[in-house]
Amino acid sequence: MFEKSISKMRLSDLMKATNNFNKENIIGSGRTGTMYKAVLDDGTSLMVKRLQESQHSEKEFLSEMATLGSVKHRNLVPLLGFCVAKRERLLVYKNMPNGFLHDRLHLVDDDGKGMDWPTRLKIGIHTAKGFAWLHHNCNPRIIHRNISSKCILLDADFEPKISDFGLARLMNPVDTHLSTFVNGEFGDLGYVAPEYSRTLVATPKGDVYSFGVVLLELVTGERPTNVVKAPENFKGNLVDWILQLSGNSQLHEAIDKSLVGKGVDGELFQFLKVACNCVSPTPTERPTMFEVYQLLRAIGEQYHFTAEDEILMPAESSDADCLEELIVAR
């Protein structure tokens with residue numbers, strides 16, 4: 001059914017598969033909608049994304065489905081099908097057994113044992129690869145605009161898969177008023193690039209900032225807000241804490257203690273430095289997503305995570321040159 005292209009599915013089938021969108025079937029929710037676990041009559045496990053209400057017509061939605069269905073990469077969650085019925089807009093994805101990266105890092109109690117360093121490093125490298133492909137090699141090129149550890153899913157082998165790519169085009173047109181930013185138009189709290197509050201324009205370097213926060217989560221084990229290891233009177237977020245430690249030459253204190261002293265301290269610090277470059281307050285000082293992938297790939301070279309992967313070679317162009325191609329909110 002799903003082999004060649006995305007399929008149009010019936011609302012009745014998806015309602016049955018999700019037990020009428022039962023809240024017990026919710027596996028995640030965010031600005032773009034709510035994700036449900038679903039099981040078809042033949043036992044096939046899927047994920048169904050119920051989009052927030054959109055003003056786009058059925059014709060516009062079907063056009064976007066044709067585009068998103070053609071966006072395929074090893075590190076993107078495969079879009080298998082969709083449903084459009086009256087005001088309902090549903091996306092059907094392949095199931096990812098290990099759930100969201102956010103939950104694996106912050107919610108899963110595995111007898112006190114978090115993910116080991118090679119797993120975290122692999123997730124960082126392969127997620128960077130997926131985002132680099134979206135930015136530099138995908139046609140049309142895509143700014144994600146909503147990067148967080150809640151948009152990265154993990155398959156049975158902990159291979160990361162990016163979700164919600166291209167969904168900015170399915171949301172309502174961007175309100176130019178500041179409330180749009182405040183209400184989360186450009187991402188979740190703690191992940192939003194500082195310049196967005198001034199410009200209200202999504203850019204590739206804004207995505208890099210958000211991904212930098214994900215990298216910080218991987219290496220510190222901390223959430224993007226409410227940093228546990230920070231001093232009691234500290235009021236900032238994860239990036240604020242990292243910048244403060246860096247300014248005091250105490251950056252090593254940020255690294256997740258469960259990873260330290262196992263022969264990989266050098267890799268941990270290199271990884272942390274890449275993350276710090278990504279969250280630079282000045283957009284021009286941040287690397288491109290392709291550069292982030294190459295830097296992380298070099299750190300993980302000995303693990304041979306990417307031996308079978310193609311090497312991305314983006315065309316030389318600045319963010320300004322790419323903006324017209326990359327803006328996806330229109």
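Two residues count as being in contact here when their heavy atoms come within 4.5 Å. With that in hand, welcome to this predicted model, a protein chain of 330 residues, 54% of which count as buried. The chain folds into 11 helices and 8 strands. Let's start from Leu215, whose contacts beyond its neighbours within four places in sequence are Gly124, Phe271, Val274, Ala275, Cys278, Val292 and Leu296.

**The cores**
- Leu215 is joined by Phe211 and Leu296 as the residues with the most contacts inside the largest nonpolar core, a set of 81 residues.
- Apart from that core lies another, of 13 residues, which includes Phe21, Ala38, Val48 and Leu90.
- As background, nonpolar side chains in soluble globular proteins tend to be buried together.

**Helix 10 and its surroundings**
- Helix 10 spans residues 289-299, and its buried residues are Met289, Phe290, Val292, Tyr293, Leu296 and Ile299.
- What do the buried residues of helix 10 pack against? Their partners are helix 4 (117-137), helix 7 (204-220) and helix 9 (265-278).

- Strand 2 runs antiparallel to strand 3 (residues 33-39), and 4 bridges join the two.
- Within that pairing, Ile26 has Tyr36 of strand 3 as its bridge partner.

**A buried loop residue**
- Ile143 sits in the loop between helix 4 and strand 7 (152-154).
- Is Ile143 buried or exposed? Its relative accessible area is 1%, so Ile143 is buried, the cut-off being under 20%.
- Ile143 and Ala168 are 25 residues apart along the chain, and their C-alpha atoms are separated by 8.7 Å.

**The chain as a whole**
- Among contacts with a separation of 6 or more, 65% come from residues 24 or more positions apart.
- The protein chain has an accessible surface of about 15700 Å², and carbon and sulfur atoms account for 49% of that surface.

Conventions
Residues are numbered from 1 along each chain as its sequence is written. This is a predicted model: local features need pLDDT of at least 70, side-chain atom pairs count only at pLDDT 80 or more; totals for chains, interfaces and linings use all residues. Side-chain values use heavy atoms; hydrogens and water are left out. Buried means under 20% relative accessible area, exposed over 50%, partly exposed in between (1.4 Å probe, protein chains only). Accessible areas come from the Shrake-Rupley method with a 1.4 Å probe; for residues, only the protein chains shown count as cover. A nonpolar core is a set of buried Ala, Val, Leu, Ile, Met, Phe, Trp, Tyr and Cys residues joined through side-chain atoms within 4.5 Å. Two strands pair if DSSP finds at least two bridges between them.
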